Amino acid sequence: MSGGGSPRDAGTGGGAGTGTATPGRGPRTRGWQRSLKGYADEVRGRVRVGERGPILVVLGLIVIWLIFQSLDDNFLSPRNLSNLSVEIVGTGLVAVGIVFVLLIGEIDLSVGSVSGLSGAVFAVLNVNLGMPEWLAVIVGVASGMAVGAFQGAFFAWLGVPAFVVTLAGLLVWNGLTLYLLGASGTINIDEEGLVASLTSEYFGAMAVAYGLAAIGTAGYLLAALRHRNRNKAAGMPNRPLSEIWVRGGALAVLAFGTAHTLNRFQGLPLALLIFLVVLVVSDYVLRRTRYGRKVYALGGGVEAARRAGVGVERVRIAMFMVSGTLAAIGGLFVASGLTSASPTTARAAGSGMLLINAIAAAVIGGTSLFGGRGSPWSVLLGVLVIQSIASGMALLGVEDSVQFMITGGVLLAAVAADSLSRRAETPGGRPRAG
Amino acid sequence: MTFPPVLSLRGISKRFGGVQALLDVELQLRAGEVVALAGDNGAGKSTLIKVISGVGPADRGVIEWEGRLVHIKRPHDAHALGIATVYQDLAMCDNLDVVGNLFLGREIDRVGILDEVEMERRARELMRTLSIRIPDVRMPVAALSAGQRQAVAISRSLMGAPKVLLLDEPTAALGVEQTSHLLDLIEQVRDRGMAILLISHNMGDIKAVADRVAVLRLGRNNGLFDVSTASQEQIISSITGAADNAVAHRTAGTEEAWP
């Protein structure tokens, strides 16, 4: 998941294609062994530069699921898993925004408040002032983008540390939200409306979920094979074909398994589809475009990026705008789930629960707090862990107080792992640069 | 040598507040030649490099590029002329792989979409022609050794087909074997017809790879030696100031490159 961009990173999201190969399958044994050796070398290389593969997190997620399933039979029911796939979206979108900012080595602490703000802006404009829903949505999202631009400019042009700017933002935007809601208190949004449908709409036809799984798998295979062929044409070494099929197969199992589970409840949720589209698009932009390369470069070394002609200030401001925008969109999903915008939820957003969850999701998934390493796909895995814990504890009726402590502990563990891997990054303890 | 020097500096002076960092410094770089820039700490070596690379332009003096007068006021001006600089800190993005670093800022793309295959192909080709041995061009730079990083940084500076290469203490952080690889690389680059200015403290490196040594002392020229004829003692005493300046200049005067 470096900025390196080869199909090995082409997201399965779960990274489920890794390490599942079993040696010794008839005539292709040799190829398998080579593939395994290649994989082992790759893992070694990554560990050496401080990258944790997703495999540990996948194992962690499985353990969490098994524990909750053993405590409550309903945890792994299609209904609960389907709900989980909708619940992750609000936090997940906010976390994707955080990933963009983390990649350039900064942090945005205001995302929780911004998401509350966009929900409130939408509700006040649409419900209280009668603005058309689509326009209110646009204004709500634009407010998040504007906040991001403002904070980004403070950071990039005035040189105020990002965590201070956004910490101030956390309070200011939360205050603004409470101010907007102050006159009316809780605002219930239209339960049949556009925003409400974000989390209540399902594609009931089974073909939709299966079709998406098929498209995803086929897309991965086609991209990987095409890359392989171009590599071959250029006479460059390639990873073994078997590896592509193993990864593709694992992706297919995962995708169709998910589709099957979702279809046993109400089908593919619209929210999940939107989330997946956002992940695919963000990942593509970051990994495959010139612009994305600038973002990774900035995270790898400001001076190096500047000397290579990256417009450092502009990229910085843009990243804060992305995080503000995605926080605002995430906020609409949160409002959609509650079908309301209320001072209580605004206060809760201001208290930082959403912020902590979003940061934890990004970091657990493998995005580094120190910049330059990570990907949007890391969020999918991380937010599943975070939301599974929250959902499981809610199912068991665990009190908020305990939930807070556990979530905080999980975040701390993830950040500690990130810090340790960073320390391992420099071979032989050689000081960096110069 | 019948060609005019690629780069010629005359009367370069620069002052930082009350400190005269450079005074009337002269230097000439010719294609296919390695000039070592030697001098004690604070002699003005880095200041001179910054003058040439446009990071810190001179207050006074004349810079000629292939015989015509030019002004280097910004790093961009130096790039545009064909002057590449490898700084001591290398300025690499540790998180990007070798290919990513080589093409940083000059990626090959089609409508904004990176052409990774083509970039990797050219990167491999470059590594091969320069005989640089790295485990894999898809490895993050952070995982490379100091020598490999230095080699990647130098090959990156060659991407824009420059004519002059400035190297700021490239061997300072390297072990013996890595240093010898690097010196091989410098010779290869020289043989491609580039002019190289090598800042170095290490007399062994200078002896091994440089054609001439220009010594700076307290911001002034303090001798120019032909490496094949000058003794190590001569050069060192010129660096430390133990040498009789008149003698040093007389030696330099016999060198035709010195005007």
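Student: Which side chain meets that of Glu64(B) in a salt bridge?

Tutor: Please keep in mind that this is a predicted model. In it, the side chain of Glu64(B) meets the side chain of Arg10(B) in a salt bridge, with 3D positions that put N and O 2.5 Å apart. Glu64(B) belongs to strand E4 (residues 60–65) of chain B and Arg10(B) to strand E1 (residues 7–16) of chain B, so the pair ties together parts that are 54 residues apart in sequence. Arg10(B) counts as partly exposed, because its relative accessibility is 34%.

Student: How many salt bridges are there over all chains?

Tutor: A search of the whole structure finds 23. One of them joins the side chains of Arg290(A) and Asp109(B), at 3.3 Å from N to O, and this pair crosses between chains, from helix H11 (residues 290–300) of chain A to strand E7 (residues 109–110) of chain B. Arg290(A) is partly exposed, with a relative accessible area of 25%, and Asp109(B) is partly exposed as well, with 28%.

Student: Which buried residue has no salt bridge, and how far away is the nearest side chain of opposite charge?

Tutor: Asp168(B) is such a case: it is buried and has no salt bridge, and the nearest side chain of opposite charge, that of Lys50(B), is 7.3 Å away. A salt bridge would need the nitrogen and the oxygen to be within 4 Å. Asp168(B) lies in strand E9 (residues 164–168) of chain B, and, leaving aside neighbours within four places in sequence, Asp168(B) is in contact with Ser46(B), Val86(B), Tyr87(B), Gln88(B) and Ile199(B).

Student: How should I read the sheet that holds strand E9, and in what order do its strands come?

Tutor: As a general idea, strands of a sheet pair through backbone hydrogen bonds, either parallel or antiparallel. Here 6 strands of chain B form an open sheet in the order E6-E9-E10-E3-E11-E12, with mixed pairing. The edge strands, each of which pairs on one side only, are E6 (83–86) and E12 (220–226) of chain B, and neighbouring strands of this sheet are turned by 20° against each other on average, direction ignored. E9(B) and strand E10 (residues 195–199) of chain B run parallel and are joined by 5 bridges, and Leu166(B) stands opposite Leu197(B) in E10(B).

Student: Which helices of chain B lie across these strands?

Tutor: Helix H5 (residues 146–157) of chain B lies across E6 and E9 of chain B, running at about 165° to E6(B). Helix H6 (residues 176–191) of chain B lies across strand E3 (34–39), E9 and E10 of chain B, running at about 150° to E10(B).

Student: Why can helix H1 of chain B be called largely enclosed?

Tutor: The reason lies in a count: 7 of the 9 residues of helix H1 (residues 45–53) of chain B are buried, so the helix is largely enclosed by the rest of the structure. Among the buried ones are Leu48(B), Ile49(B) and Ile52(B). Just after H1(B), Gly54(B) takes a positive phi of about 85°.

Student: What should I look for in a nonpolar core, and which residues touch the most other members of the largest one?

Tutor: In soluble globular proteins, nonpolar side chains tend to be buried together. The largest nonpolar core here has 91 residues, and those that touch the most other members are Ile88(A), Val96(A), Ile98(A), Phe275(A), Ile359(A) and Val379(A). Helix H3 (residues 78–103) of chain A gives the largest share of this core, 14 residues. A second, separate core of 53 residues includes Val99(B), Leu126(B), Met139(B) and Ala210(B).

How values were computed
Residues numbered from 1 in each chain as written. Chains lettered and ligands numbered in written order. Predicted model: local features only at pLDDT ≥ 70, side-chain atom pairs only at ≥ 80, totals over all residues. Heavy atoms only, no water. Core = buried A, V, L, I, M, F, W, Y, C linked by side-chain atoms within 4.5 Å. Buried < 20%, exposed > 50% of the residue type's maximum accessible area, 1.4 Å probe, protein only. Helix = DSSP H or I, 4+ residues; strand = E, 2+ residues; numbered from the N terminus. Lys, Arg positive; Asp, Glu negative; His and termini not counted. Contact = heavy atoms within 4.5 Å. Pairing = 2+ DSSP bridges. Axes fitted to C-alpha atoms, helices over the stretch in contact; angles between N-to-C directions.
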